Amino acid sequence: MAVKAFFSMCALLFLVLGLSLVSSRQTAASNPEGSWQGTLDTGSIKLRLVLTVTKSGDDYKGILESLDQGSTIPATKVTLTGDKLHADFPLVNGFYEGVLNKEGSEINGTWSQNGSSLPLAFKRAESGIKAATAKDETKDKAQAAPAEKPFTSPIDVTIPVAPTAFQANGKTHLVYELHIVNFSGQSTTLAQIAVLNDSGTELARLAPVDVLTSILLVGNRDAAGMEKLNIGAGASAVVFMWVTVDGPAKVPAALEHKITAKVGKNQDEVTVHCARTTVTRDIAVIGAPLRGDSWVAANGPFNTSAHRRAMIPIEGKARIAQRFAIDWVRTNADGKSYTGDPKDNKNYRAYGSEALAVADAVVTEVKDGIPENVPGINSRAVPITLETIGGNHVILDIGHGRYAFYAHLQPGSLKVKLGDHVKRGQVLGLVGNSGNSTEPHLHFHLSDGNSPLGSEGIPYALESFTTKLKGETTSTQHKMEIPTEGEIVTFAEK
């Protein structure tokens with residue numbers, strides 16, 4: 001729910017973007033393929049980073065991971081001229097420039113973001129897959145007979161929440177998760193995931209670098225680079241899926257997955273068809289939660305956004321209530337969210353804006369009386385618990401098992417009470433900076449239960465809004481869609 005700083009994700013991209021490396025006659029020393037570890041010292045915090053570059057045919061692909069922030073950042077372009085490396089990361093408005101040493105073991109350079117630059121060096125990391133395989137080999141040396149080849153993939157794959165098709169940016173999307181458990185006593189490495197429709201036609205294919213941007217090893221959040229593809233003996237992983245189809249007419253009735261994995265010390269390759277799920281089209285149509293222009297969809301729907309990855313076990317079940325959540329931050333003409341002193345909530349443009357009911361509904365939860373934070377990354381007025389994480393908030397039952405959640409409101413500004421019947425467009429309270437919040441903004445999402453975190457997030461369609469990207473002057477009209485991360489949205493004034 002907090003608005004992220006330094007590596008805040010705020011741009012429109014889908015799944016993973018390739019790193020297009022331009023080079024001629026690369027030597028072994030200057031070959032950037034592999035995982036690189038480094039630490040960025042910002043002055044206030046130190047961020048552990050992993051840059052991973054893989055090869056696909058004649059091209060390279062790669063990603064940057066911030067371990068301490070849980071962020072996965074794709075690069076849109078990487079060029080290698082001799083020993084000089086340049087990588088662009090537009091998602092965070094940054095780029096990296098460095099020089100590979102003669103041994104090909106280090107890259108020394110500079111990270112630049114939003115006009116500021118900091119030194120950043122990377123060192124080659126040992127492949128997690130090789131390390132895991134080495135452990136298997138050590139174990140197997142004690143065995144009298146060689147291990148038999150697996151006759152099937154030892155993974156159990158489930159989909160806890162079936163996807164609901166929704167529209168964004170003129171396209172149709174399916175968002176869900178694959179939960180994978182390795183039932184064998186040997187390491188299992190994911191090699192490829194293909195998504196098939198109900199007729200067996202391939203809709204999408206995730207190569208290793210695509211899986212890297214989409215996977216979480218449960219219980220090992222520090223895993224990075226190629227290590228993330230390896231699911232240890234008895235371990236589990238979650239793959240965050242985001243599949244785009246041509247349009248509503250192409251939405252399948254069901255999905256199936258073909259997963260290729262490599263098992264054990266010999267990395268025997270096995271493919272399994274699994275994880276069949278239905279696809280629904282029943283989506284909530286709602287009104288705007290706010291009025292006016294220049295509302296940025298921070299941490300909005302995108303496969304690597306902070307909300308998308310916020311999987312939290314509540315009462316014995318891991319859920320993603322914030323799967324489609326948005327932190328609505330309002331900006332001024334200069335792109336900043338405040339004027340004057342950044343420590344004063346009243347200087348933020350979003351502060352005091354009216355939060356609106358998105359549908360005729362019944363108020364099912366109200367929380368008030370939580371004091372506001374001083375704006376800042378680590379500034380919280382109260383300890384953050386399940387009760388205080390949303391700050392002063394309201395939950396509405398909008399019908400058909402759907403609930404709208406409004407968080408971080410000003411204390412004393414709530415204009416509704418438990419059990420009230422509200423009309424669409426009715427004011428619920430004023431935007432503030434309470435709970436797990438870094439600055440005044442409105443956290444909004446829909447879910448399938450009357451709980452801020454103990455429910456599953458569901459997509460929705462706003463009847464109408466306009467958008468433009470940072471630096472653009474023309475607007476795009478949207479109907480029956482959901483805004484995505486980084487879009488600058490204008491809602492109707494009435």
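Reply: One definition comes first: a residue is buried under 20% relative accessible area, exposed over 50%, and partly exposed in between (1.4 Å probe, protein chains only). This is a predicted model, in which local features need pLDDT of at least 70, side-chain atom pairs count only at pLDDT 80 or more, and totals for chains, interfaces and linings use all residues. Residues are numbered from 1 along each chain as its sequence is written, and side-chain values use heavy atoms, with hydrogens and water left out.

Me: Why is Arg48 called partly exposed?

Reply: Arg48 has a relative accessible area of 32%, and values between 20% and 50% carry that label. Asp222, with 43%, is therefore partly exposed too.

Me: What makes the contact of Arg48 and Asp222 a salt bridge?

Reply: The term requires a side-chain nitrogen of Lys or Arg within 4 Å of a carboxyl oxygen of Asp or Glu. For Arg48 and Asp222 the N to O distance is 3.2 Å. Arg48 belongs to strand S2 (residues 46-56) and Asp222 to the loop between strand S15 (215-217) and strand S16 (230-231), so the pair ties together parts 174 residues apart in sequence. Strands here are DSSP runs of E, at least two residues, numbered from the N terminus.

Me: How do you know that Glu65 forms a salt bridge with Lys228?

Reply: The closest N and O atoms of Glu65 and Lys228 are 2.6 Å apart, and the limit is 4 Å. Glu65 sits in strand S3 (residues 59-66) and Lys228 in the loop between S15 and S16, 163 residues apart.

Me: Are Glu65 and Lys228 buried or exposed?

Reply: Glu65 has a relative accessible area of 3%, so Glu65 is buried. Lys228 is at 5% and therefore counts as buried.

Me: What makes Lys346 exposed?

Reply: Lys346 reaches 61% relative accessibility, and exposed begins over 50%. Its salt-bridge partner is Asp344, at 3.6 Å between the closest N and O atoms. Asp344 has 26% and is therefore partly exposed.

Me: How many salt bridges does the rule give?

Reply: The count is 14. A network of salt bridges links Glu177, Arg308, Arg323 and Glu456.

Me: Where does pLDDT stay under 50?

Reply: pLDDT is the predictor's confidence in each residue, from 0 to 100. One such stretch is residues 3-28, with 102 contacts (heavy atoms within 4.5 Å) beyond four places in sequence. Residues 128-145 are also below 50, with 20 contacts beyond near neighbours in sequence. The protein chain averages 86, and 88% of the residues score at least 70.

Key. Helices (H or I, at least four residues) and strands (E, at least two) are DSSP runs, numbered from the N terminus.
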